[in-house]
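Here is a short briefing on helix packing and salt bridges. Please look over the model before reading on.

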Amino acid sequence: MSNPESDSGETYPSLGELRLRRAPPVARTDCPMARASDLIGDRWIMLILREALYGVGCFADMQADLEISRSILTERLARLVDEGLLEKVTYQDPGTRPRQAYVLTSFGRKLIVPFLAIADWGQAITGEPSPLEMYDTATGSPLRLALVNEAGDEVEAANLGIRVGDHYKRG
């Protein structure tokens, strides 16, 4: 299959045939990858979100596991709450005062697939068996990440093409 063309007639190669360009076809300020990086690209934010994805929400537990200073953790948690990725919930262990925990919002839970893709990539680096096993809770069947077309067929990453939508005009 040939590469799709934009309105200008420019083609964008598949990952299997990348070529050098002078500039990306989408301005950084308009790019969804760049916007996501602005939000979650900080090392501490990535690790805090990892904690939340694993269900760790107590400040003290996060601080101990991450070996992070209170001030950095406080600042990053506030940012994640402001951005709508985490929300504060009140909990109380028996015999203790009420405390605040941080849990993923529905918006934050949308990060599970990209984080699992990053984990899969990280696993390929180590070559060791993964400590994580994804499975379908309804059937118990193992799951894996894949690119899938509209017909439900798996597509190899080498056949992944990226094109600029007709609605986008670089300014």
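Asp42, Glu75 and Arg76 are linked in a network of salt bridges. A salt bridge here is a side-chain nitrogen of Lys or Arg within 4 Å of a carboxyl oxygen of Asp or Glu. By this rule the count comes to five salt bridges.

This is a predicted model: local features need pLDDT of at least 70, side-chain atom pairs count only at pLDDT 80 or more, and totals for chains, interfaces and linings use all residues. Residues are numbered from 1 along each chain as its sequence is written, and side-chain values use heavy atoms, with hydrogens and water left out.

**Salt bridges**

- Arginine 76 pairs with aspartate 42 in a salt bridge, with the closest N and O atoms 3.0 Å apart.
- This pair links distant parts of the chain, 34 residues apart: arginine 76 is in helix H4, and aspartate 42 is in the loop between helix H1 (32-40) and H2.
- Arginine 76 counts as buried at 15% relative accessibility, while aspartate 42 is partly exposed at 23%. Buried means under 20% relative accessible area, exposed over 50%, and partly exposed in between (1.4 Å probe, protein chains only).
- Aspartate 65 and arginine 50 also form a salt bridge (3.8 Å, N to O).
- That pair joins helix H3, which holds aspartate 65, to helix H2, which holds arginine 50, across 15 residues.
- Aspartate 65 is partly exposed at 48%, and arginine 50 is partly exposed at 34%.

**H2 against H3**

- Helices (H or I, at least four residues) and strands (E, at least two) are DSSP runs, numbered from the N terminus.
- The axes of H2 (residues 43-53) and H3 (residues 59-66) come within 11 Å and cross at roughly 125°. Axes are lines fitted to C-alpha atoms, for helices over the stretch in contact, and angles run from 0 to 180 degrees between N-to-C directions.
- That makes H2 oblique to H3. Angles under 35 degrees count as roughly parallel, over 145 as roughly antiparallel, 65 to 115 as roughly perpendicular and the rest as oblique.
- Trp44, Leu47, Ile48, Arg50 and Glu51 in H2 meet Met62, Asp65 and Leu66 in H3, where contact means heavy atoms within 4.5 Å.

**H2 against H4**

- H2 packs on H4 (residues 70-82) at about 75°, with the axes 10 Å apart.
- The two helices, H2 and H4, are therefore roughly perpendicular.
- On the H2 side, Trp44, Ile45, Ile48 and Leu49 take part; their partners in H4 are Ile72, Leu73, Arg76, Leu77, Arg79 and Leu80.
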